[in-house]
Amino acid sequence: MRTEYDIEDLTQVKTTQVKSFIVHLKSEGLENRSINRKMSTLRTFYKYCLRENLMEKSPMTGVKALKQPKSLVKFVTETDINKVSFGDEADFATVRDHLLFEMLYQTGMRQAELRGLTDGDVDKMGMQVKIHGKRNKDRIVPLSREMIVLIDQYKTLRDATFTVKADRLLLNDKGEEMSPSYVYNKVHHMLEGVTTLKQKSPHVLRHTFATHLLDEGASLVAIQKLLGHEDLATTQIYAHNTIEQLKKIHKQAHPKG
């Protein structure tokens, strides 16, 4: 403002000058995301100025955030998922880690939802699990026959290992409720040797669950219900991801791609 407009008092800045600043930042090669962060800072600053009666109108009025390219969700390929090894031992920790991974990948639940599961949430006869989601909303997700067998195997080992245990389905090595970092570290370790993704988190398995379902022909509405999304628009990020993958395959495989 001093260099271009000879303005020393920031309460004298006008909207046109803020827009000029944005153009300047673009010419400097800044990404829209970085520019938007600066605009957010200015909005906060001028809200403060208004609150302190230092000015009557914010120059940020009418200044809209720049569009940012949508980043594709990260997921593990089916080939890489099938490379995950849980070991041959039938001890508590090995079977627990196997169940932890499969629960996240086969149901798409969040790590907080996984940690909150109790024995009563699993319906063996109905082959389904009740997941307690955000805003106290429950949803039902089917379980495979193999998953039911794995749950039974795990519970037998768990109950033989701990005489006193927390009221949770999945427990840590001390028989206590698992922490978020505990679940994260388990998933990160299991994915470490099979994928080049930088992100190796429980949420990546949630993305993987949804992407694989969509690739196999599941509808967005069905995936929305399984994930517990309130808005279908939230689920549509996976459709965008699949379209981009198709474009990439088309470009690589088509003779005139």
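## Serine 58 and its chain

Serine 58 counts as buried because its relative accessibility is 11% (buried means under 20% relative accessible area, exposed over 50%, partly exposed in between, with a 1.4 Å probe and protein chains only). Keep in mind that this is a predicted model, where local features need pLDDT of at least 70, side-chain atom pairs count only at pLDDT 80 or more, and totals for chains, interfaces and linings use all residues. Residues are numbered from 1 along each chain as its sequence is written, and side-chain values use heavy atoms, with hydrogens and water left out.

So where does serine 58 sit? You'll find serine 58 in the loop between helix H3 (32-51) and helix H4 (78-81); helices are DSSP runs of H or I with at least four residues, strands are E runs of at least two, and both are numbered from the N terminus. Its side chain reaches the backbone nitrogen of methionine 60 at 3.0 Å. If you skip neighbours within four places in sequence, serine 58 is in contact (heavy atoms within 4.5 Å) with Thr15, Tyr46 and Leu50.

Zooming out, the protein chain has twelve helices and three strands. Buried residues make up 37% of its 257 residues. Among contacts with a separation of 6 or more, 56% come from residues 24 or more positions apart.

Here are the chain's dimensions, with the radius of gyration taken over C-alpha atoms and the globule rule being 2.2 Å times the number of residues to the power 0.38.

| Dimension | Value |
|---|---|
| Radius of gyration, protein chain | 25 Å |
| C-alpha box along the principal axes | roughly 75 × 60 × 35 Å |

Technical notes. Polar contact = N/O pair within 3.5 Å; in protein donor to acceptor, adjacent residues only side chain to side chain.
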